[in-house]
Amino acid sequence: VQLVESGGGSVQAGGSLTLSCVASGDTSSIIGVGWFRQPPGKQRVWVARVGSNGGTDYADSVKGRFTISRDNAKNTVYLQMNSLKPEDTADYYCAASSKVWAKEESEYNYWGQGTQVTVSS
């Protein structure tokens, strides 16, 4: 399985971006998908996850501003980010899991290369 993220970029505070993550290869093994982010100089942290049935979950820091969704027909997961803040600046990674409801990094089998998001004040 290969994951490729896109959609990162630079935006002013209050703006929006939509990240995409396209999966290829043996996608039948993918059940849950999540987004993580790694701010400059900090550890990578979980942001959001979407289960095989479309159920979603978010970190408190992004709840109400970010929306994760998946289009199984296109093997694509999206992260719509609204009301962006400077503290959202990070490299964003999508990850795929064979588990239904994965959250910890160790539960994810496949990772993308990351896409950079910079939010200026």
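## A pocket, a sheet and a ring cluster

Strands β3 (17-24), β7 (66-71) and β8 (76-81) each give at least two residues to the lining of the largest pocket. Keep in mind that this is a predicted model, where local features need pLDDT of at least 70, side-chain atom pairs count only at pLDDT 80 or more, and totals for chains, interfaces and linings use all residues. Residues are numbered from 1 along each chain as its sequence is written, and side-chain values use heavy atoms, with hydrogens and water left out. Strands here are DSSP runs of E with at least two residues, numbered from the N terminus.

**The pocket**

- The largest pocket holds about 150 Å³ of space, a volume being the space filled by probe spheres set on the grid points.
- Of the 13 residues lining the largest pocket, Ala 23, Ile 30, Arg 70, Asn 72 and Asn 75 are the closest to its centre.
- A pocket is an open set of points on a 1 Å grid where a 1.4 Å probe fits, with protein on both sides within 12 Å along at least five of seven lines; lining residues have an atom within 4 Å of a point.
- Sorted by class, the lining has seven nonpolar, four polar and two charged residues; Asp, Glu, Lys and Arg count as charged, Ala, Val, Leu, Ile, Met, Phe, Trp, Tyr, Cys and Pro as nonpolar, and the others, Gly among them, as polar.

**The sheet**

- Four strands make an open sheet, in the order β1-β3-β8-β7, with antiparallel pairing.
- At the edges sit β1 (2-6) and β7, each pairing on one side only.
- Two strands pair if DSSP finds at least two bridges between them; β3 and β8 are joined by six.
- Leu 17, for instance, has Met 81 in β8 as its bridge partner.

**The aromatic rings**

- There are three aromatic pairs, meaning rings of Phe, Tyr and Trp (its six-membered ring) with centres within 6.5 Å; planes under 30 degrees apart count as stacked, over 60 as edge-to-face and the rest as tilted.
- Phe 36 and Trp 111 form a tilted pair, at 4.9 Å centre to centre and 55° between the planes.
- Phe 36 is buried at 1% relative accessible area, while Trp 111 is partly exposed at 26% (buried is under 20%, exposed over 50%, partly exposed in between, with a 1.4 Å probe and protein chains only).
- Ring pairs link Phe 36, Tyr 108 and Trp 111 into a cluster.
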